[in-house]
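The following note is intended for a colleague meeting this structure for the first time. Please read the numbered points with the sequence and the model at hand.

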Amino acid sequence: MQPFADAVARDFPERFQLIRTPFSGLAEAFEESGKAKLDGAVFDIGVSSMQLDQAERGFSFASDGTLDMRMGQEGPSAADLLNTAEESRIADVLYHYGEERAARRIARAIVAARPLTTTAQLAEVVQSCLPRPKPGQSHPATRSFQAIRIWVNDEFRQLVDGLSAAERALKPGGKLAVVSFHSHEDRIVKRFMQGRANAAGGGSRY
């Protein structure tokens, strides 16, 4: 991410500034930058190929790496949470965040396999609990890795707080666009925008 940001900064020195902050800190970070209110904000929810391709970040089951999954370097890692949380908590995360039907079975296997330290170990545990995928189906660990990443980064709470932060940072008539990939995220965004549209009497700037 940093090399890409550096390249953009070189090409557009007067128009680009990289500020590292979670979605929830958008309003404060923008205010501290000394700029006026935002004309628009775009939230791209989820991970990028740049993050997935870095095995040491621990986001992907495609290559072995440290079981981390943190967007930043603060707070507990995926390994920290999986190695200490109660089985019922892990099952709830897999079911609600990943819509994984075999959540209880996988959670039980994770607890039995502790300590887990790498993505390959986690992927193997999940695979052992599920049928072999048919041609064209996604990897068996896809939903579990997604759920754990959301848990580690508190992504749904960040989205809720980020939407409110964007509202505070936008100038009147400003635009907010959100790209989401998860049904839960989609519901959060729709509820937020519908609520603001109703408050505005049918009109909205979102």
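1. Gly75 is placed in the loop between α3 (49-52) and α4; helices (H or I, at least four residues) and strands (E, at least two) are DSSP runs, numbered from the N terminus. With a relative accessible area of 46%, Gly75 is partly exposed. Here buried means under 20% relative accessible area, exposed over 50%, and partly exposed in between (1.4 Å probe, protein chains only). Gly75 and Asn153 are separated by 78 residues in sequence, yet their C-alpha atoms are 8.5 Å apart in space.

2. A word on the basis of this note. The model is predicted: local features need pLDDT of at least 70, side-chain atom pairs count only at pLDDT 80 or more, and totals for chains, interfaces and linings use all residues. Residues are numbered from 1 along each chain as its sequence is written, and side-chain values use heavy atoms, with hydrogens and water left out.

3. The chain contains ten helices and two strands, arranged along the sequence as α-α-β-α-α-α-α-α-α-α-β-α. Its C-alpha atoms fill a box of roughly 55 × 45 × 35 Å along the principal axes. Of its 206 residues, 38% count as buried. Among contacts (heavy atoms within 4.5 Å) with a separation of 6 or more, 62% are between residues 24 or more positions apart.

4. Asn153 belongs to the buried residues of α8, together with Ser144, Phe145, Ala147, Ile148, Arg149, Ile150, Trp151 and Val152. Nine of the twelve residues of α8 are buried, so this helix is largely enclosed by the rest of the structure. Those buried residues pack against α4 (78-82), α5, α6, α7 and α9 (155-169). From first C-alpha to last, α8 reaches 17 Å, close to the 16 Å expected at 1.5 Å a residue; the expected span is 1.5 Å times one less than the number of residues.

5. How do α5 and α8 pack? Helix α5 (residues 87-98) and helix α8 (residues 142-153) meet at an angle of about 105 degrees, with axes 8 Å apart. The two are therefore roughly perpendicular, given that angles under 35 degrees count as roughly parallel, over 145 as roughly antiparallel, 65 to 115 as roughly perpendicular and the rest as oblique. On the α5 side the contact involves Arg89, Ile90, Val93, Leu94, Tyr97 and Gly98; on the α8 side, Arg143, Ser144, Gln146, Ala147, Ile148, Ile150 and Trp151.

6. Helix α6 (residues 103-113) and helix α7 (residues 119-128) pack at about 135 degrees, their axes being 9 Å apart. They are therefore oblique to each other. Ile106, Ala109, Ile110 and Ala113 of α6 form the contact with Leu122, Val125 and Val126 of α7. In the loop between these two helices lies Pro115, which a cis peptide bond joins to Arg114, with omega about 0 degrees.

7. Most residues other than glycine have a negative phi, and most peptide bonds are trans. Glu99, in the loop between α5 and α6, has a positive phi near 55 degrees and counts as partly exposed at 45% relative accessibility. Asp154, in the loop between α8 and α9, has a positive phi of about 50 degrees although it is not a glycine. At 41% relative accessibility, Asp154 counts as partly exposed.

Notes. Axes are lines fitted to C-alpha atoms, for helices over the stretch in contact, and angles run from 0 to 180 degrees between N-to-C directions.
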